[in-house]
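Subject: Structure for your review

Dear colleague,

Please find below the sequence and structure that I am handing over to you. My findings follow directly after them.

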Amino acid sequence: MSTLATPATAQTTAPTSAPTFEVHASANPVPDDERAAALAAPRFGTVFTDHMTRISWSQADGWHGHRVEPYGPLQLDPATAVLHYAQEIFEGLKAYRHADGSVWSFRPEANAARFRQSAHRLALPELPQDDFLGAIRALVGVDRAWVPTGEETSLYLRPFMYASEAFLGVRASLEAEFLVIASPVGPYFAGGVKPVSIWVSRDYHRAGAGGTGAAKCGGNYAASLLPQQEAYAKGFEQVCFLDDRTGTQLEELGGMNVVVVYADGSVATPPVSGTILEGVTRSSILRLLTDAGHEVAERPILLDELRAGLADGSVSEVFACGTAAVMTPIGRLASDDFDLVVGDGQAGPVTTRIRAELTDIQYGRAADRHGWLTRLL
Ligand SMILES: *Cc1c(COP(=O)(O)O)cnc(C)c1O
(Lines give C-alpha, C1' and ligand atoms only; values in the text may rest on other atoms or scores of the structure.)
Protein backbone atom coordinates (compact mmCIF):
# COMPACT_ATOMS: atom_id res chain seq x y z
CA MET A 1 0.00 0.00 0.00
CA SER A 2 1.19 3.51 -0.73
CA THR A 3 2.43 5.39 2.32
CA LEU A 4 2.06 8.69 0.59
CA ALA A 5 -1.71 9.06 0.33
CA THR A 6 -2.73 12.67 0.63
CA PRO A 7 -3.97 13.49 4.15
CA ALA A 8 -7.63 14.46 4.33
CA THR A 9 -6.97 17.58 6.37
CA ALA A 10 -4.17 20.10 6.60
CA GLN A 11 -1.77 19.61 9.51
CA THR A 12 -0.93 23.19 10.28
CA THR A 13 -0.87 22.98 14.05
CA ALA A 14 1.79 21.50 16.32
CA PRO A 15 1.22 17.88 17.35
CA THR A 16 -0.44 17.67 20.75
CA SER A 17 2.07 15.23 22.23
CA ALA A 18 5.09 17.22 21.06
CA PRO A 19 8.26 16.02 22.80
CA THR A 20 10.44 18.53 24.63
CA PHE A 21 13.95 19.13 23.36
CA GLU A 22 16.57 20.46 25.76
CA VAL A 23 18.47 23.25 24.01
CA HIS A 24 22.25 23.52 24.46
CA ALA A 25 22.96 26.71 22.54
CA SER A 26 26.18 27.04 20.57
CA ALA A 27 28.79 29.17 22.32
CA ASN A 28 30.24 30.30 19.00
CA PRO A 29 27.55 30.56 16.32
CA VAL A 30 28.53 31.69 12.82
CA PRO A 31 28.82 35.52 12.87
CA ASP A 32 25.90 37.41 11.26
CA ASP A 33 27.93 38.65 8.28
CA GLU A 34 29.30 35.17 7.49
CA ARG A 35 25.83 33.68 7.73
CA ALA A 36 24.45 36.42 5.48
CA ALA A 37 27.16 35.60 2.91
CA ALA A 38 26.37 31.87 3.12
CA LEU A 39 22.63 32.57 2.66
CA ALA A 40 23.26 34.86 -0.29
CA ALA A 41 25.07 32.17 -2.31
CA PRO A 42 24.26 28.76 -0.86
CA ARG A 43 25.85 25.70 -2.39
CA PHE A 44 24.05 22.42 -1.79
CA GLY A 45 25.16 20.60 1.34
CA THR A 46 28.32 22.58 2.04
CA VAL A 47 27.38 24.94 4.89
CA PHE A 48 25.44 23.85 7.97
CA THR A 49 23.51 25.76 10.59
CA ASP A 50 24.75 26.34 14.15
CA HIS A 51 22.88 23.43 15.71
CA MET A 52 21.70 19.86 15.23
CA THR A 53 18.91 17.91 16.91
CA ARG A 54 19.58 14.56 18.43
CA ILE A 55 17.65 11.68 20.00
CA SER A 56 19.36 8.57 21.31
CA TRP A 57 17.96 5.05 21.40
CA SER A 58 18.93 1.91 23.21
CA GLN A 59 17.11 -1.34 23.46
CA ALA A 60 17.08 -0.94 27.25
CA ASP A 61 15.88 2.70 27.45
CA GLY A 62 14.05 3.31 24.17
CA TRP A 63 14.13 6.87 22.73
CA HIS A 64 15.69 9.33 25.16
CA GLY A 65 17.84 12.44 25.49
CA HIS A 66 15.86 14.67 23.09
CA ARG A 67 18.15 17.66 22.62
CA VAL A 68 19.38 20.44 20.38
CA GLU A 69 23.14 20.86 20.54
CA PRO A 70 25.87 22.79 18.74
CA TYR A 71 26.58 21.42 15.24
CA GLY A 72 29.84 19.53 15.32
CA PRO A 73 31.80 16.32 14.75
CA LEU A 74 30.57 13.02 16.15
CA GLN A 75 32.98 10.94 18.12
CA LEU A 76 32.72 7.30 17.03
CA ASP A 77 34.33 4.21 18.48
CA PRO A 78 36.15 2.50 15.56
CA ALA A 79 33.97 -0.57 16.18
CA THR A 80 30.72 1.40 15.73
CA ALA A 81 28.41 -0.91 13.78
CA VAL A 82 27.45 1.58 11.04
CA LEU A 83 31.09 1.87 9.92
CA HIS A 84 31.22 -1.85 9.22
CA TYR A 85 27.75 -2.99 8.20
CA ALA A 86 26.13 0.23 6.87
CA GLN A 87 23.07 0.04 9.12
CA GLU A 88 21.98 3.60 8.32
CA ILE A 89 18.99 5.48 6.90
CA PHE A 90 18.20 9.07 6.04
CA GLU A 91 15.56 11.50 4.81
CA GLY A 92 15.61 14.76 2.87
CA LEU A 93 13.05 17.56 3.08
CA LYS A 94 13.00 21.34 3.09
CA ALA A 95 11.81 24.30 5.15
CA TYR A 96 10.40 27.04 2.92
CA ARG A 97 10.06 30.70 3.88
CA HIS A 98 6.85 32.34 2.67
CA ALA A 99 6.50 36.00 1.75
CA ASP A 100 5.00 36.85 5.18
CA GLY A 101 8.10 35.44 6.93
CA SER A 102 6.43 32.22 8.14
CA VAL A 103 8.30 28.92 7.62
CA TRP A 104 6.67 25.73 6.34
CA SER A 105 7.55 22.19 5.42
CA PHE A 106 6.00 20.06 2.68
CA ARG A 107 4.33 16.75 3.66
CA PRO A 108 6.80 16.04 6.49
CA GLU A 109 4.52 13.32 7.85
CA ALA A 110 5.19 11.41 4.61
CA ASN A 111 8.93 11.63 5.30
CA ALA A 112 8.33 10.52 8.89
CA ALA A 113 6.35 7.49 7.65
CA ARG A 114 8.99 6.60 5.08
CA PHE A 115 11.69 6.95 7.73
CA ARG A 116 9.86 4.39 9.88
CA GLN A 117 9.61 2.02 6.91
CA SER A 118 13.29 2.47 6.09
CA ALA A 119 14.10 1.81 9.76
CA HIS A 120 12.06 -1.39 9.67
CA ARG A 121 13.91 -2.67 6.60
CA LEU A 122 17.33 -1.86 8.08
CA ALA A 123 16.42 -3.38 11.47
CA LEU A 124 16.72 0.02 13.15
CA PRO A 125 14.23 1.30 15.76
CA GLU A 126 11.17 3.11 14.36
CA LEU A 127 11.08 6.76 15.39
CA PRO A 128 7.57 8.02 16.30
CA GLN A 129 6.19 10.75 14.01
CA ASP A 130 6.00 13.27 16.87
CA ASP A 131 9.72 12.83 17.56
CA PHE A 132 10.57 13.18 13.85
CA LEU A 133 8.48 16.33 13.43
CA GLY A 134 9.47 17.65 16.87
CA ALA A 135 13.17 17.32 16.01
CA ILE A 136 12.67 19.33 12.81
CA ARG A 137 10.62 22.00 14.58
CA ALA A 138 13.18 22.29 17.38
CA LEU A 139 16.10 22.73 14.95
CA VAL A 140 14.34 25.18 12.63
CA GLY A 141 13.16 27.12 15.71
CA VAL A 142 16.68 27.52 17.10
CA ASP A 143 18.29 28.17 13.71
CA ARG A 144 15.44 30.25 12.23
CA ALA A 145 17.90 32.91 11.02
CA TRP A 146 19.27 30.27 8.61
CA VAL A 147 16.06 29.86 6.58
CA PRO A 148 16.90 31.88 3.44
CA THR A 149 14.55 34.39 1.85
CA GLY A 150 15.68 34.41 -1.80
CA GLU A 151 13.64 33.02 -4.65
CA GLU A 152 13.55 29.20 -4.65
CA THR A 153 15.89 29.03 -1.67
CA SER A 154 15.16 26.85 1.33
CA LEU A 155 16.68 25.20 4.37
CA TYR A 156 17.43 21.60 3.43
CA LEU A 157 16.80 19.24 6.36
CA ARG A 158 18.66 15.96 6.63
CA PRO A 159 17.32 13.60 9.32
CA PHE A 160 19.36 10.40 9.64
CA MET A 161 19.86 7.46 11.95
CA TYR A 162 22.79 5.12 12.39
CA ALA A 163 23.68 2.00 14.35
CA SER A 164 25.88 3.35 17.14
CA GLU A 165 26.69 0.26 19.17
CA ALA A 166 30.41 -0.54 19.31
CA PHE A 167 30.21 -4.23 18.43
CA LEU A 168 31.48 -6.23 15.46
CA GLY A 169 28.99 -9.07 15.71
CA VAL A 170 26.62 -9.25 12.76
CA ARG A 171 23.21 -8.50 14.24
CA ALA A 172 20.97 -5.45 14.60
CA SER A 173 22.56 -2.80 16.79
CA LEU A 174 21.20 -2.43 20.33
CA GLU A 175 21.92 1.31 20.19
CA ALA A 176 21.12 3.98 17.61
CA GLU A 177 21.45 7.74 17.19
CA PHE A 178 18.97 9.95 15.32
CA LEU A 179 20.08 13.40 14.21
CA VAL A 180 18.80 16.24 12.08
CA ILE A 181 21.22 18.64 10.43
CA ALA A 182 20.29 21.55 8.18
CA SER A 183 21.90 23.35 5.26
CA PRO A 184 20.67 26.46 3.41
CA VAL A 185 20.23 25.73 -0.30
CA GLY A 186 19.77 27.96 -3.31
CA PRO A 187 17.80 27.43 -6.49
CA TYR A 188 18.97 24.06 -7.84
CA PHE A 189 19.09 25.52 -11.32
CA ALA A 190 20.74 28.92 -11.03
CA GLY A 191 19.90 30.72 -14.26
CA GLY A 192 16.91 28.63 -15.34
CA VAL A 193 15.92 24.97 -15.38
CA LYS A 194 18.49 23.02 -17.40
CA PRO A 195 17.85 19.54 -18.86
CA VAL A 196 20.21 16.74 -17.84
CA SER A 197 21.73 13.97 -19.93
CA ILE A 198 21.14 10.41 -18.74
CA TRP A 199 23.12 7.23 -19.24
CA VAL A 200 21.00 4.08 -19.03
CA SER A 201 23.08 1.50 -17.18
CA ARG A 202 23.16 -2.05 -18.50
CA ASP A 203 26.06 -3.13 -16.30
CA TYR A 204 24.72 -2.22 -12.88
CA HIS A 205 21.46 -2.25 -10.97
CA ARG A 206 20.48 0.02 -8.12
CA ALA A 207 18.28 -2.50 -6.35
CA GLY A 208 17.09 -6.07 -6.58
CA ALA A 209 13.91 -7.90 -5.60
CA GLY A 210 13.78 -8.37 -1.84
CA GLY A 211 16.66 -5.95 -1.33
CA THR A 212 16.70 -2.45 0.12
CA GLY A 213 15.67 -0.46 -2.97
CA ALA A 214 12.47 0.83 -1.34
CA ALA A 215 14.33 2.03 1.77
CA LYS A 216 16.21 5.31 1.89
CA CYS A 217 19.54 3.93 3.08
CA GLY A 218 23.09 5.07 2.47
CA GLY A 219 24.04 1.66 1.09
CA ASN A 220 21.85 2.17 -1.99
CA TYR A 221 23.72 5.36 -2.72
CA ALA A 222 27.11 3.72 -2.18
CA ALA A 223 26.17 1.14 -4.83
CA SER A 224 25.20 3.89 -7.31
CA LEU A 225 28.45 5.85 -7.10
CA LEU A 226 30.58 3.75 -9.46
CA PRO A 227 27.93 3.69 -12.23
CA GLN A 228 27.54 7.44 -11.69
CA GLN A 229 31.30 7.94 -12.00
CA GLU A 230 31.46 5.87 -15.19
CA ALA A 231 28.55 7.76 -16.74
CA TYR A 232 30.18 11.04 -15.84
CA ALA A 233 33.39 9.94 -17.54
CA LYS A 234 31.34 9.29 -20.70
CA GLY A 235 29.97 12.82 -20.54
CA PHE A 236 26.59 12.15 -18.87
CA GLU A 237 25.26 13.74 -15.72
CA GLN A 238 23.12 10.98 -14.19
CA VAL A 239 22.38 7.27 -14.47
CA CYS A 240 19.02 5.61 -15.05
CA PHE A 241 18.80 2.06 -13.72
CA LEU A 242 16.79 -0.82 -15.19
CA ASP A 243 15.12 -3.66 -13.29
CA ASP A 244 17.53 -6.39 -12.24
CA ARG A 245 15.39 -9.35 -13.31
CA THR A 246 14.89 -8.64 -17.01
CA GLY A 247 17.03 -5.56 -17.61
CA THR A 248 14.25 -4.22 -19.84
CA GLN A 249 12.18 -1.92 -17.59
CA LEU A 250 12.95 1.59 -16.37
CA GLU A 251 13.32 1.96 -12.62
CA GLU A 252 14.76 5.29 -11.49
CA LEU A 253 17.88 7.40 -11.20
CA GLY A 254 20.28 7.07 -8.25
CA GLY A 255 18.27 9.55 -6.20
CA MET A 256 15.29 10.63 -8.29
CA ASN A 257 12.17 8.99 -9.70
CA VAL A 258 11.46 9.16 -13.43
CA VAL A 259 8.26 10.12 -15.28
CA VAL A 260 7.41 9.90 -19.01
CA VAL A 261 5.01 12.35 -20.71
CA TYR A 262 3.36 11.32 -24.00
CA ALA A 263 2.39 13.62 -26.84
CA ASP A 264 -1.29 12.75 -26.24
CA GLY A 265 -1.00 14.23 -22.72
CA SER A 266 -0.95 10.93 -20.83
CA VAL A 267 1.78 10.27 -18.29
CA ALA A 268 3.42 7.09 -16.98
CA THR A 269 5.88 6.22 -14.24
CA PRO A 270 7.19 2.87 -13.01
CA PRO A 271 5.16 1.38 -10.14
CA VAL A 272 6.61 1.22 -6.61
CA SER A 273 6.92 -2.52 -6.34
CA GLY A 274 9.81 -2.91 -3.93
CA THR A 275 12.86 -1.85 -5.93
CA ILE A 276 11.92 1.81 -6.36
CA LEU A 277 12.05 4.49 -3.68
CA GLU A 278 8.59 6.03 -3.34
CA GLY A 279 9.30 9.75 -3.66
CA VAL A 280 7.16 12.39 -1.96
CA THR A 281 7.79 14.59 -5.00
CA ARG A 282 6.72 11.76 -7.34
CA SER A 283 3.43 11.19 -5.54
CA SER A 284 2.69 14.94 -5.31
CA ILE A 285 3.40 15.44 -9.02
CA LEU A 286 1.16 12.51 -9.98
CA ARG A 287 -1.62 14.16 -7.95
CA LEU A 288 -1.11 17.53 -9.68
CA LEU A 289 -1.02 15.85 -13.10
CA THR A 290 -4.27 14.04 -12.34
CA ASP A 291 -5.83 17.30 -11.11
CA ALA A 292 -4.79 18.94 -14.38
CA GLY A 293 -6.65 16.27 -16.38
CA HIS A 294 -3.69 14.12 -17.45
CA GLU A 295 -4.27 10.39 -17.59
CA VAL A 296 -1.69 9.02 -15.13
CA ALA A 297 -0.54 5.39 -15.12
CA GLU A 298 1.80 3.68 -12.69
CA ARG A 299 2.93 0.82 -14.89
CA PRO A 300 6.09 -0.90 -16.09
CA ILE A 301 7.80 1.11 -18.84
CA LEU A 302 9.96 -0.89 -21.24
CA LEU A 303 13.17 0.75 -22.36
CA ASP A 304 12.41 -0.41 -25.92
CA GLU A 305 8.98 1.23 -25.77
CA LEU A 306 10.55 4.48 -24.55
CA ARG A 307 13.19 4.39 -27.28
CA ALA A 308 10.54 3.87 -29.96
CA GLY A 309 8.41 6.67 -28.48
CA LEU A 310 11.32 9.08 -28.48
CA ALA A 311 12.17 8.14 -32.05
CA ASP A 312 8.62 8.55 -33.41
CA GLY A 313 7.69 11.55 -31.26
CA SER A 314 4.91 9.85 -29.25
CA VAL A 315 6.99 10.53 -26.11
CA SER A 316 7.26 14.28 -25.72
CA GLU A 317 8.91 14.79 -22.31
CA VAL A 318 10.80 12.79 -19.71
CA PHE A 319 11.68 14.21 -16.30
CA ALA A 320 13.25 13.14 -13.03
CA CYS A 321 11.87 14.28 -9.68
CA GLY A 322 12.97 14.53 -6.07
CA THR A 323 13.07 17.01 -3.19
CA ALA A 324 16.44 18.59 -4.02
CA ALA A 325 15.80 19.60 -7.65
CA VAL A 326 11.97 19.24 -7.60
CA MET A 327 11.71 18.35 -11.32
CA THR A 328 14.62 17.98 -13.71
CA PRO A 329 13.89 17.69 -17.41
CA ILE A 330 15.79 14.89 -19.14
CA GLY A 331 17.10 16.20 -22.45
CA ARG A 332 19.10 13.23 -23.68
CA LEU A 333 18.93 9.50 -23.02
CA ALA A 334 21.67 7.14 -24.16
CA SER A 335 23.36 3.80 -23.62
CA ASP A 336 25.85 1.58 -25.47
CA ASP A 337 23.48 1.08 -28.40
CA PHE A 338 21.42 4.27 -28.68
CA ASP A 339 21.60 8.02 -28.15
CA LEU A 340 18.33 9.95 -28.28
CA VAL A 341 17.24 13.54 -27.75
CA VAL A 342 14.02 14.01 -25.77
CA GLY A 343 11.67 16.39 -27.62
CA ASP A 344 13.81 19.35 -28.65
CA GLY A 345 16.22 18.73 -25.76
CA GLN A 346 14.73 21.55 -23.71
CA ALA A 347 12.34 21.61 -20.73
CA GLY A 348 8.89 20.66 -22.06
CA PRO A 349 5.62 22.50 -21.30
CA VAL A 350 4.16 19.87 -18.94
CA THR A 351 7.38 19.66 -16.90
CA THR A 352 7.61 23.45 -16.73
CA ARG A 353 3.95 23.94 -15.77
CA ILE A 354 3.76 21.24 -13.09
CA ARG A 355 7.09 22.32 -11.61
CA ALA A 356 5.77 25.86 -11.26
CA GLU A 357 2.51 24.59 -9.72
CA LEU A 358 4.35 22.50 -7.14
CA THR A 359 6.84 25.18 -6.15
CA ASP A 360 4.02 27.75 -5.97
CA ILE A 361 2.33 25.54 -3.36
CA GLN A 362 5.58 24.97 -1.47
CA TYR A 363 6.36 28.70 -1.30
CA GLY A 364 2.82 29.73 -0.41
CA ARG A 365 2.13 31.46 -3.74
CA ALA A 366 -0.75 29.10 -4.58
CA ALA A 367 -3.52 27.62 -2.44
CA ASP A 368 -2.50 24.50 -0.52
CA ARG A 369 -5.61 22.63 -1.68
CA HIS A 370 -4.34 19.20 -0.66
CA GLY A 371 -3.26 20.15 2.85
CA TRP A 372 0.39 19.41 2.08
CA LEU A 373 1.97 22.20 4.12
CA THR A 374 2.85 22.10 7.82
CA ARG A 375 3.75 25.33 9.54
CA LEU A 376 7.05 25.19 11.44
CA LEU A 377 7.38 28.80 12.56
C1 LIG B 1 15.00 10.31 -1.95
C2 LIG B 1 14.92 9.55 -3.21
C3 LIG B 1 14.01 9.88 -4.23
C4 LIG B 1 13.13 11.11 -4.19
O5 LIG B 1 12.29 11.15 -3.08
P6 LIG B 1 11.61 12.53 -2.63
O7 LIG B 1 10.80 12.14 -1.46
O8 LIG B 1 10.80 12.99 -3.76
O9 LIG B 1 12.72 13.46 -2.32
C10 LIG B 1 13.94 9.07 -5.34
N11 LIG B 1 14.74 8.00 -5.47
C12 LIG B 1 15.64 7.65 -4.53
C13 LIG B 1 16.49 6.47 -4.73
C14 LIG B 1 15.75 8.41 -3.36
O15 LIG B 1 16.65 8.08 -2.44
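**The ligand and its pocket**

The largest pocket is the space that the ligand takes up. Please bear in mind that the model is a predicted one.

The ligand is surrounded by 15 residues, and the closest of these are K216, Y221, E252, T281 and T323. By class, the shell around the ligand consists of seven polar, four charged and four nonpolar residues.

- The side chain of K216, which is among the closest residues, places an N or O atom 2.7 Å from a ligand oxygen.
- The side chain of R114 has an N or O atom at 2.8 Å from an oxygen atom of the ligand.
- V280 takes part through its backbone, with an N or O atom 2.8 Å from a ligand oxygen.

As for the cover that the protein provides, the ligand on its own exposes 380 Å², and 97% of that area is buried by the protein.

**Domain arrangement**

The domain assignment divides the protein into two parts: domain 1 comprises 22-190 together with 367-375, and domain 2 comprises 196-346. Taken over C-alpha atoms, the centres of domain 1 and domain 2 are 27 Å apart. Domain 1 contributes 22 residues to the contact between them, and domain 2 likewise contributes 22 residues.

With kind regards

Note on methods
Residues numbered from 1 in each chain as written. Predicted model: local features only at pLDDT ≥ 70, side-chain atom pairs only at ≥ 80, totals over all residues. Heavy atoms only, no water. Near = heavy atom within 4 Å. Polar contact = N/O pair within 3.5 Å; in protein donor to acceptor, adjacent residues only side chain to side chain. Areas by Shrake-Rupley, 256 points an atom, 1.4 Å probe, with all protein chains shown as cover. 1 Å grid on protein atoms, 1.4 Å probe; cavity = no way out; pocket = protein on both sides within 12 Å on 5 of 7 lines; lining within 4 Å. Sits in = over half its atoms within 2 Å of the grid points. Nonpolar A, V, L, I, M, F, W, Y, C, P; charged D, E, K, R; others polar. Domains from an automatic or database assignment. Contact = heavy atoms within 4.5 Å.
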